[in-house]
Amino acid sequence: MSAGQPFPGNIDESSEQFTVSVSRSIRATPERIWRIIGTAEGMRSWMNMLNWQARPGGRMLIDSSGSTEAERLLVFGRVLQIEEQRLVRMSWRVLHEDGRLWPDSTEVQISLEEEAGTTLVRLVHSGFEKLAQFQVDAYSVYHHCWVQAPYLQRLENEEGARA
Amino acid sequence: MSMQTDNTYRALADGTRREILDCLLEHGPMRATDLAAHFPEISRPAVSRHVRILREAGLLEERTRGRERWQHVRPLPLQEVQQWVRRYERFWSDKLEDLARLVEDD
């Protein structure tokens with residue numbers, strides 16, 4: 001991940017609850033964006049996917065070696081749901097360069113919603129609670145959620161009560 | 001990820017230590033002896049050991065009142081964990097930017 005320009009889209013509220021959710025309006029039709037999401041060539045150019053089968057049960061494979069990630073990762077998964085020009089949901093599991101494998105899959109959903117002349121694209125990455133022990137053992141993992149979310153809420157309440 | 005966050009994860013990996021945090025959040029600051037009374041199935045030295053690990057992870061802070069030492073929950077390390085989450089928001093935000101560049105430049 002790089003520290004680039006300020007993100008012009010939205011970090012959605014659910015991100016605070018330890019599911020990553022970001023959205024952005026893009027000046028293109030859902031049909032145009034689907035030419036990226038719905039094709040192997042498009043996903044190669046966008047996500048560096050080596051394999052993308054845009055059908056239910058289809059396979060997904062990403063090799064991060066060409067990205068800015070310090071560590072090489074292989075990301076793999078399957079298409080769980082796909083609705084043309086509207087939605088794709090896929091499982092997302094990572095194999096680290098040193099052989100560590102996420103013990104379970106997370107889930108990534110990309111949804112498109114047509115607005116006046118633009119398309120709202122929303123990316124939601126969820127399921128990190130399944131990786132709790134893995135995160136403890138090897139913390140170069142993406143995300144976390146598990147027990148911290150209720151803790152944080154209660155801690156905030158406690159801090160609020162003290163203030 | 002910093003050593004402090006590493007310690008935070010390791011401290012939270014243990015179910016008893018999460019219960020100790022729960023207990024302190026629910027009932028407020030306590031002495032180690034009071035805490036031990038909430039965990040009758042665990043020996044007092046074991047509770048003290050868990051408290052020490054939580055303190056070393058920065059999740060608890062010990063404050064002295066007279067001759068008594070009270071354990072307080074300290075939220076700072078979890079805020080650090082939250083910052084880590086935000087890195088991944090950045091990853092997906094960057095991907096959205098890449099997508100916009102791909103389709104808007106036509």
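Two strands count as paired when DSSP finds at least two bridges between them. In this predicted model, β5(A) and β6(A) meet that condition with eight bridges, in the antiparallel sense. Within the pair, Leu73(A) stands opposite His96(A) in β6(A). Chain A comes to four helices and eight strands, while chain B has five helices and three strands. Mean pLDDT in chain A is 76.

**Confidence in chain A**

- Of the residues of chain A, 63% reach a pLDDT of 70 or more.
- Confidence is highest in α1(A), at 96.
- Confidence in chain A is lowest in helix α4 (residues 148-162), at a mean of 46.
- Over residues 136-156 of chain A, pLDDT stays under 50.
- For that stretch, residues 136-156 of chain A, the model has 46 contacts beyond four places in sequence.
- Where pLDDT is low, predicted coordinates should not be read in detail.

**Layout of chain A**

- Along the sequence, the elements of chain A follow the pattern β-β-α-α-β-β-β-β-β-β-α-α.
- Chain A has 163 residues, and 29% of them are buried.
- Take the contacts in chain A between residues at least 6 apart in sequence: 38% join residues at least 24 apart.

- Strands of a sheet pair through backbone hydrogen bonds, either parallel or antiparallel.
- β5(A) spans residues 73-83 and β6(A) spans residues 87-96.
- β5(A) and β6(A) form a hairpin with three residues between the strands.

- Gln85(A) is a residue other than glycine, yet its phi is positive.
- Gln85(A) has 16 C-beta neighbours inside 10 Å. Burial takes 20 or more and exposure 12 or fewer, so Gln85(A) counts as partly exposed.
- Asn48(A), also not a glycine, has a positive phi near 55°.
- Asn48(A) sits in the loop between α2 (40-47) and β3 (49-52) of chain A.
- Asn48(A) has 16 other C-beta atoms within 10 Å and is therefore partly exposed.

**Helix packing in chain A**

- Helix α1 (residues 30-37) of chain A packs against α2(A) at an angle of about 85°.
- The axes of α1(A) and α2(A) are 5 Å apart.
- Angles of 65 to 115 degrees count as roughly perpendicular, so α1(A) and α2(A) are roughly perpendicular to each other.
- On the α1(A) side the contact holds Arg35(A), Ile36(A) and Ile37(A).
- On the α2(A) side it holds Gly42(A), Met43(A) and Trp46(A).
- By class, the residues of the α1(A)-α2(A) contact are four nonpolar, one polar and one charged.

**Layout of chain B**

- From the N terminus on, the elements of chain B run α-α-β-α-α-β-β-α.
- Chain B has 106 residues, with 26% buried.
- Among contacts in chain B with a separation of 6 or more, 57% involve residues 24 or more positions apart.

**The sheet of chain B**

- Three strands of chain B form an open sheet in the order β1-β3-β2, with antiparallel pairing.
- β1 (30-31) and β2 (60-65) of chain B stand at the edges. Each has a single partner strand, so one side of each is left without a neighbour in the sheet.
- β1(B) and strand β3 (residues 68-73) of chain B run antiparallel, joined by two bridges.
- Arg31(B) stands opposite Trp70(B) in β3(B).
- Helix α2 (residues 15-27) of chain B packs on the sheet and touches β1 and β3 of chain B.
- The direction of α2(B) makes about 95° with that of β3(B).

**Helix packing in chain B**

- α2(B) also crosses helix α4 (residues 44-56) of chain B at roughly 80°, and the axes come within 10 Å.
- That angle makes α2(B) roughly perpendicular to α4(B).
- α2(B) contributes Thr16(B), Arg17(B), Ile20(B) and Leu21(B) to the contact.
- These residues meet His50(B), Val51(B), Ile53(B) and Leu54(B) in α4(B).
- The contact of α2(B) with α4(B) has five nonpolar, two polar and one charged residues.

Note on methods: Residues are numbered from 1 along each chain as its sequence is written. Chains are lettered from A and ligands numbered from 1 in the order in which they are written. This is a predicted model: local features need pLDDT of at least 70, side-chain atom pairs count only at pLDDT 80 or more; totals for chains, interfaces and linings use all residues. Two residues are in contact if their C-beta atoms, placed from the backbone, lie within 7 Å. Axes are lines fitted to C-alpha atoms, for helices over the stretch in contact, and angles run from 0 to 180 degrees between N-to-C directions. Angles under 35 degrees count as roughly parallel, over 145 as roughly antiparallel, 65 to 115 as roughly perpendicular and the rest as oblique. Ala, Val, Leu, Ile, Met, Phe, Trp, Tyr, Cys and Pro count as nonpolar, Asp, Glu, Lys and Arg as charged, and the others, Gly among them, as polar. pLDDT is the predictor's confidence in each residue, from 0 to 100.
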